[in-house]
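Reader: I would like to learn how to read the features of a protein model with care, taking one feature at a time. Could you give the general idea before each case?

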Amino acid sequence: MSSENLPQSPDQDQAPQEPRKPRVAVVFGGRSSEHGISVVTAGAVMRAIDREKYDVLPIGITSDGRWALTADEPDRMAITDRKVPNVEQLAESTEGAVVLSVDPANREVVYSEPGSVPKALGEVDVVFPVLHGPYGEDGTLQGLLELSGVPYVGSGVLASAVGQDKEYMKRVFLSFGLPVGPYEVIRPREWAADPSAARARIVDFAGEHGWPLFVKPARGGSSMGITKVSDLSGLDEAIEEAQRHDPKVLVESLLTGREIECGVLEFEDGPRASVPAEIPPVSAHDFYDFEAKYIDSAAGIVPAPLTGAQTAELQRLAVRAFDAASCEGLVRADFFLQDNGEFVINEINTMPGFTPISMYPRMWQESGVDYAELIDRLIQAALRRPTGLR
């Protein structure tokens, strides 16, 4: 990629200019198995950002972790023929790399290629990280941005880590009195040293709570690596499938009832909950798996058909979960409404799917905040919030 084709810093114009627009780096892709969904989310966000109000710098992280300068072409970042896109298809160069300074006094982004003089791309005022899963949504990227002194959209290091690790998420929720379903954890050292003991523990768990069980990566997302297991014969294979995504495995009992979601958004006066949505059973899918979510586009019901009292209780629990995990910016909280009328929280997602048809934006659309305004609110909140201890 030649230097003349690089995006120019807003600071490099020679003629006097009006105060420059805030510059938003949209960072997407990453090393997790949710790489492609992150690209799809980024395309939707970039398409909706008000270019009269903000400058946009798209930065993709390849599957092997290289930060790449990508084309500002959101239309190329969509699911096509049931296939998700990737950063490698969008990168301007197979060798060039983007580097963000870790000096809090210098927010400049630099682009370099082997054998070429590094090129300054100008300062970044705020990062909109739309990575899903480990190495991005789990506090790792947030830690880098804290070191760099660059404001960013969404939760900080602790809340991002808690939101990614379903075991510790549940522990936090329980400590705050939130209702959580039964679960067990299989740690990698335990499975490697004594799988028979781990297997026996899960059998005892099933004896208490019944089959089927759900076996999933403890730090995964987008329903990847999840298996519904009906008896002991399928347990080992389900654990191996989960471990393809994460060496730590979560085993959960089946919770019967309706799947209900609620969005939380941080306003100037604190977090507020959206109207809820319901995820109905999807034909041809045993549960709400990856293809049901993203390929076959299960249509959620917004708002969910709940009573006023049920809606109020759900919203209270969603905000409680947001506060319990010390979240910031946004969260999608997922619940089961059990047959006995009680809500059980399944998980929170600190960077939920963010296309216009995703549940989080749809819930806020029904709550009076449209997609473009939602993105603007998140960017403005990040610009107001300092990095560091707060």
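Author: What follows takes up annotated sites, cavities and pockets, a nonpolar core, and backbone geometry. This is a predicted model, in which local features need pLDDT of at least 70 and side-chain atom pairs count only at pLDDT 80 or more, while totals for chains, interfaces and linings use all residues. Residues are numbered from 1 along each chain as its sequence is written, and side-chain values use heavy atoms, with hydrogens and water left out.

Reader: Which residues does the UniProt annotation "binding site" cover?

Author: UniProt positions are given in the numbering used here, with feature names shortened, and annotations may be inferred rather than shown by experiment. Here the annotation comes from an unreviewed UniProt entry and covers E347 and N349. E347 is in strand 16 (residues 343–349), and N349 is found in strand 16 as well; helices (H or I, at least four residues) and strands (E, at least two) are DSSP runs, numbered from the N terminus.

Reader: How many cavities of 30 Å³ or more does the structure hold, and which residues line the largest cavity?

Author: On a 1 Å grid over the protein atoms alone, a cavity is a set of points where a 1.4 Å probe fits but cannot get out, and a pocket is an open set with protein on both sides within 12 Å along at least five of seven lines; lining residues have an atom within 4 Å of a point. Grid points are joined across faces, edges and corners, and a volume is the space filled by probe spheres set on the points. The structure holds four cavities of 30 Å³ or more, and the largest cavity has about 60 Å³ of space. Its lining includes P129, E137, Q142, T350 and M351, and divides into four nonpolar, six polar and one charged residue. In these classes Ala, Val, Leu, Ile, Met, Phe, Trp, Tyr, Cys and Pro count as nonpolar, Asp, Glu, Lys and Arg as charged, and the others, Gly among them, as polar.

Reader: How much space lies in the second largest pocket?

Author: The second largest pocket has about 210 Å³. Of the 15 residues that line this pocket, S32, P134, Y135, R219 and H245 are the closest to its centre, and by class the lining has three nonpolar, six polar and six charged residues.

Reader: Which residues touch the most other members of the largest nonpolar core?

Author: In soluble globular proteins, nonpolar side chains tend to be buried together. A nonpolar core is a set of buried Ala, Val, Leu, Ile, Met, Phe, Trp, Tyr and Cys residues joined through side-chain atoms within 4.5 Å. The largest such core has 34 residues, of which V26, F28, I49, F128, F354 and I379 touch the most other members. Elements that give two or more residues to this core include strand 1 (23–29), helix 1 (35–48) and helix 12 (371–384), and helix 12 provides the largest share, six residues.

Reader: Where are the cis peptide bonds at P212 and P303, and what is the phi of D81?

Author: Most residues other than glycine have a negative phi, and most peptide bonds are trans. A cis bond joins W211 and P212, with omega about 0°, and P212 lies in the loop between helix 7 (195–209) and strand 9 (213–217). The bond from V302 to P303 is also cis, with omega near -5°, and P303 is in the loop between helix 9 (290–295) and helix 10 (308–324). D81, although not a glycine, has a positive phi of about 55°, and D81 is exposed, with a relative accessible area of 69%.

Technical notes
Buried < 20%, exposed > 50% of the residue type's maximum accessible area, 1.4 Å probe, protein only.
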